[in-house]
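Welcome! Take it one stop at a time.

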Amino acid sequence: MKLGEIYRLAIKMGIEADPRGKEEVSKYLEKVKRDYDELSEKKKARFDKELLENPYSDSRILNGKEDQIIKRILVGIDMEVPEIILADRLREKGERIDLILAHHPEGKALPGLEGVMRLQEDILFLQGIPINVAENLMGDRIAEVSRSVHPANHNRAVDAAKLLGFAFMNIHTPADNIVTKFLTDLFVEKKPETVGEIIDILLEIPEYQDAQAHNFGPKIASGSEKSRCGKIWVDMTGGTSGSKNSYEKLSVAGIGTIVGMHMKEDHLVEAKKYGINVVIAGHMPSDSIGMNLILDEIEKDGINIIPTSGLIRVKR
């Protein structure tokens with residue numbers, strides 16, 4: 001399997017699981033193309049042309065050529081300079097490593113978080129918040145994230161991969177879309193009535209069982225085991241955490257329980273204030289589910305996966 005094929009497979013799977021639906025993603029890409037066509041030649045030369053086919057600016061090939069043959073991948077949730085040195089040490093010991101694959105963004109994909117956060121506006125709309133209100137809620141938060149990632153040392157890990165001769169790629173929002181759909185469909189099927197039943201359902205999943213065994217399994221952060229769920233929202237995609245001002249609107253829209261990977265403390269205060277139950281499913285196990293479902297497809301082509309750095313590898 002070639003590097004470019006792995007990249008395009010991940011994007012395709014992300015689109016298929018996108019909470020907006022494939023039709024809406026297609027309309028989004030058409031708009032990006034129209035906007036691109038209207039640019040001056042000077043601005044077209046600076047435009048990130050990956051955006052014409054990939055709606056997820058936080059997922060990119062960071063080093064390597066698309067026609068490079070990949071047979072063995074070192075995969076983790078966070079693949080930074082220490083993990084790239086680990087890959088080099090494994091190679092010194094005779095292990096073949098063709099690609100370093102991260103979940104969380106590195107390099108040019110890190111400032112790309114800003115671009116995918118617009119997805120959250122549509123997600124809030126799908127939960128019953130008017131789109132104009134959703135856009136207003138997210139505007140300041142997107143600007144805040146843009147400012148926070150701008151001064152980061154984006155290319156530190158990418159530079160290390162280049163110096164040591166490794167292909168390097170990350171898959172972020174596509175994997176987050178996939179775990180969001182996986183859990184949403186599961187809750188629709190299982191129909192939990194209480195928050196405690198949500199925990200029980202999560203603990204039937206191997207990734208969460210592994211996390212529980214290592215003391216970072218699912219937890220109830222707001223509400224109790226006996227609290228009734230109401231409408232469940234799996235909040236696990238859209239780049240990074242949204243606006244803390246959204247919880248009042250979500251409560252009015254009928255959301256009873258949020259199941260997330262994690263939640264900032266000031267967000268949790270707001271969720272509690274408006275009576276929303278919160279289940280923190282866990283960051284590493286949730287990210288692992290999304291990545292695992294992609295890796296299962298990659299492995300069908302005979303590629304060998306070496307998990308590390310927080311990836312709880314489970315095959316389905």
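Start at Asn-215, which sits in the loop between helix H11 (206-213) and strand E5. Keep in mind as you look around that this is a predicted model. Asn-215 has a positive phi of about 70°, although it is not a glycine.

**Positive phi angles**

- Is Asn-215 buried or exposed? Asn-215 is exposed, because its relative accessible area is 69%, and the cut-off for that word is over 50%.
- Ser-309 also has a positive phi without being a glycine, with a value near 50°.
- To find Ser-309, look in the segment after strand E9.
- Ser-309 counts as partly exposed, as its relative accessibility is 21%.

**The whole chain**

- How many helices and strands does the protein chain have? There are 14 helices and 9 strands.
- The radius of gyration is 20 Å, close to the 20 Å that the globule rule gives for 316 residues, so the chain is as compact as a globular protein of that length.
- Along the principal axes, the C-alpha atoms fill a box of roughly 55 × 55 × 35 Å.
- Of the 316 residues, 51% are buried, a word used here for a relative accessible area under 20%.
- For a sense of distance, find Lys-181 in helix H9 (residues 173-190) and then Leu-3, which is 178 residues away along the chain.
- The C-alpha atoms of Lys-181 and Leu-3 are separated by 26 Å.
- Lys-181 itself is partly exposed, with a relative accessible area of 39%.

- Side chains of opposite charge can pair when their charged atoms come close.
- The model has 21 salt bridges.
- One of them joins the side chains of Arg-91 and Asp-88, with a distance of 2.8 Å from N to O.
- How many residues apart are Arg-91 and Asp-88 in helix H4 (residues 81-92)? They are 3 residues apart, so about one helical turn separates them.

**A network near the end of the numbering in view**

- Which residues are linked in a network of salt bridges? They are Asp-296, Glu-299, Arg-313 and Lys-315.
- Asp-296 pairs with Arg-313, and their closest N and O atoms are 2.9 Å apart.
- Asp-296 belongs to helix H14 (residues 283-299) and Arg-313 to the segment after strand E9 (304-308), so this pair ties together parts that are 17 residues apart in sequence.
- Both Asp-296 and Arg-313 are buried.
- Glu-299 pairs with Lys-315, with 3.8 Å between the closest N and O atoms.
- This second pair also links distant parts of the chain, since Glu-299 is in helix H14 and Lys-315 is in the segment after E9, 16 residues apart.
- Glu-299 is partly exposed at 21% relative accessibility, while Lys-315 is exposed at 60%.

**Patches on the surface**

- Which residues form a negative surface patch? Look for Glu-193, Glu-197, Asp-200 and Glu-225.
- Glu-225 is found in the loop between strand E5 (219-222) and strand E6 (231-235).
- With a relative accessible area of 58%, Glu-225 is exposed.
- A nonpolar patch on the surface is made by Phe-125, Leu-126 and Ile-131.
- Together, Phe-125, Leu-126 and Ile-131 have about 260 Å² of accessible area.
- Ile-131 lies in helix H7 (residues 131-149) and is partly exposed, with a relative accessible area of 31%.

Key. Residues numbered from 1 in each chain as written. Predicted model: local features only at pLDDT ≥ 70, side-chain atom pairs only at ≥ 80, totals over all residues. Heavy atoms only, no water. Patch = residues over 30% accessible without salt bridge, like charges linked within 9 Å, V, L, I, M, F, W, Y side chains within 5 Å. Areas by Shrake-Rupley, 256 points an atom, 1.4 Å probe, with all protein chains shown as cover. Salt bridge = Lys/Arg side-chain N within 4 Å of Asp/Glu carboxyl O. Lys, Arg positive; Asp, Glu negative; His and termini not counted. Charge placed at Lys NZ, Arg CZ, Asp CG, Glu CD. Helix = DSSP H or I, 4+ residues; strand = E, 2+ residues; numbered from the N terminus. Buried < 20%, exposed > 50% of the residue type's maximum accessible area, 1.4 Å probe, protein only. Rg over C-alpha atoms; globule rule 2.2 N^0.38 Å.
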